[in-house]
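Me: I'm new to this one and would like a close look at a single part of it. Could you walk me through the sheet and whatever ties into it?

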Amino acid sequence: GAQVFVNAFLNGNTSRWDVAAKTATPVTRFGQVEDWMLVGDTVHAGTYPTGNLVSVPEAATATTPLTTYTSLKDSHAQIRPIDVQEHGGRIWYGTNPDYGQHGGAIAIVDPATKAVDVTRNVVAEHTIAALAFLGEDLYAGSSTIGGTGTEPVAGSGGVLIPPVGYL
């Protein structure tokens with residue numbers, strides 16, 4: 001039957017909800033999920049407040065360890081991976097920066113090799129709020145908002161049209 005992963009805001013506890021049985025089974029604690037997606041039999045997520053990029057098997061139990069690819073907070077001052085997409089076997093994240101900062105990033109994880117590639121300020125001072133693929137073309141939506149405690153930068157967000165420069 002249909003199952004849905006659910007995540008508790010703030011404490012980050014995660015459960016698998018069985019729609020037909022109307023029961024919840026605890027799974028590995030992710031932390032506060034900002035966005036996630038199922039790719040094959042693996043759930044990929046981005047979590048706050050450390051900007052962790054993680055994955056776990058869909059069949060995870062409460063004791064299944066997370067695979068953590070990176071923490072973006074320390075390396076790139078990104079704390080909210082707010083969009084997750086899959087393309088070409090890689091997992092793509094659009095991010096919002098740390099408190100008091102501007103300049104989001106696009107982070108790309110290769111689950112097979114665990115390699116992580118991060119580019120900050122794809123659009124100067126903008127958060128990368130949305131990612132979408134059409135064929136081999138990447139479209140990225142930017143926002144003028146920054147991290148908590150900042151004022152939006154002047155101007156307006158937009159859509160970066162191909163070539164964004166990542167494929």
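Reply: Happy to. Keep in mind that this is a predicted model.

Let's start with the sheet itself. Four strands make up an open sheet, in the order β8-β9-β10-β11, and the pairing is antiparallel. In general, strands of a sheet pair through backbone hydrogen bonds, either parallel or antiparallel. At the edges you'll find β8 (78-87) and β11 (115-120); each has a single partner strand, so one side of each is left without a neighbour in the sheet. Going from one strand to the next, the twist averages 20 degrees.

Strand β8 runs antiparallel to β9 (residues 90-97), and eight bridges join the two.

Side chains of opposite charge can pair when their charged atoms come close. The structure holds two salt bridges, and one of them is between Arg80 and Glu34, with the closest N and O atoms 3.4 Å apart. Arg80 sits in β8 and Glu34 in strand β4 (residues 32-39), so this pair ties together parts that are 46 residues apart in sequence. How covered are the two partners? Arg80 has 18% relative accessibility, and because the cut-off for buried is under 20%, Arg80 counts as buried. Glu34 is partly exposed, at 24%.

The other salt bridge joins Lys73 and Asp98, at 3.3 Å from N to O. Here Lys73 belongs to helix α1 (residues 72-76), while Asp98 is in the loop between β9 and β10 (105-110), so the pair ties together parts 25 residues apart in sequence. Asp98 is buried, with 12% relative accessibility, whereas Lys73 is partly exposed at 33%.

Strands β1 (residues 3-7) and β2 (residues 14-18) run antiparallel and are joined by five bridges. Val6 stands opposite Ser15 of β2. Six residues lie between the strands of this hairpin, and Leu10 takes a positive phi near 75 degrees there.

Val6 turns up again on the surface: together with Val4, Trp17 and Val19 it forms a nonpolar patch with about 290 Å² of accessible area. Of these, Trp17 is placed in β2, and Trp17 is partly exposed, with a relative accessible area of 33%.

Note on methods:
Residues are numbered from 1 along each chain as its sequence is written. This is a predicted model: local features need pLDDT of at least 70, side-chain atom pairs count only at pLDDT 80 or more; totals for chains, interfaces and linings use all residues. Side-chain values use heavy atoms; hydrogens and water are left out. Two strands pair if DSSP finds at least two bridges between them. Axes are lines fitted to C-alpha atoms, for helices over the stretch in contact, and angles run from 0 to 180 degrees between N-to-C directions. Patches are made of residues with over 30% relative accessible area and no salt bridge: like charges are joined within 9 Å, nonpolar side chains (Val, Leu, Ile, Met, Phe, Trp, Tyr) within 5 Å. Accessible areas come from the Shrake-Rupley method with a 1.4 Å probe; for residues, only the protein chains shown count as cover. A salt bridge is a side-chain nitrogen of Lys or Arg within 4 Å of a carboxyl oxygen of Asp or Glu. Buried means under 20% relative accessible area, exposed over 50%, partly exposed in between (1.4 Å probe, protein chains only).
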